[in-house]
Amino acid sequence: KHSLGVILLSYSHNKLGVKINYMTKKLPRDQIKYPRINENDRHLIEHMWNDEKYSQSDIARKLNRSQSAISRELKQGNIFDFSNLSKRQLYNLEIHSRIKYSALRGQFIATQRSVRRGNGSKLLKHMYQILKSRHQ
């Protein structure tokens, strides 16, 4: 599921079963690929956070993600606006009172970001090529 920056270099098979010999090589940080949170995960996060009142670390464990990824996702999909409160007032609120997560908002923002990054926009690239050829 996850590539955690470790490469499995060998394994061996014996009569009793498979014995795995882990010889690991740490990958540089920029080569580690973490899967993006998908729409199903966002709905699970919404249910676990808003309804079940799970902590960020509990959600991370259940979804096999890092706690920081869940924290970023909760901030991204938060529908509450506390711009009228000071930081002190905000941090005095209980965490579930500060964040009401919306999977729809989280997915909307993630889709916007993916288009800006160029992911999933093959049609746009194709259209760009057509427009570029017409204007030359």
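Here is a short walk through a few spots in this structure. It's a predicted model, so local features are only described at pLDDT of at least 70 and side-chain atom pairs at pLDDT 80 or more, while totals for chains, interfaces and linings use all residues. Residues are numbered from 1 along each chain as its sequence is written, and side-chain values use heavy atoms, with hydrogens and water left out.

Let's start with the backbone. Most residues other than glycine have a negative phi. Lys53, though, has a positive phi, near 60°. You'll find Lys53 in the loop between helix H1 (39-51) and helix H2 (56-63); helices here are DSSP runs of H or I with at least four residues, numbered from the N terminus. Asn64 also has a positive phi, near 55°, and sits in the loop between H2 and helix H3 (67-76). With 43% relative accessibility, Asn64 is partly exposed (buried is under 20% relative accessible area, exposed is over 50%, and partly exposed is in between, using a 1.4 Å probe and protein chains only).

Now look at Gln56, which lies in helix H2. Gln56 counts as buried because its relative accessible area is 13%. Leaving out residues up to four places away in sequence, Gln56 touches Trp49, Gln67, Ile70, Ser71, Leu74 and Ile95 (a contact means heavy atoms within 4.5 Å).

Finally, the rings. Searching the whole structure turns up 1 aromatic pair. Phe80 and Phe82 make that pair, edge-to-face, at 5.7 Å centre to centre and 70° between the planes. Rings of Phe, Tyr and Trp (its six-membered ring) pair if their centres lie within 6.5 Å, and planes under 30 degrees apart are stacked, over 60 edge-to-face, and the rest tilted. Phe80 is partly exposed at 36%, and Phe82 is partly exposed at 24%.

Methods:
Helices (H or I, at least four residues) and strands (E, at least two) are DSSP runs, numbered from the N terminus.
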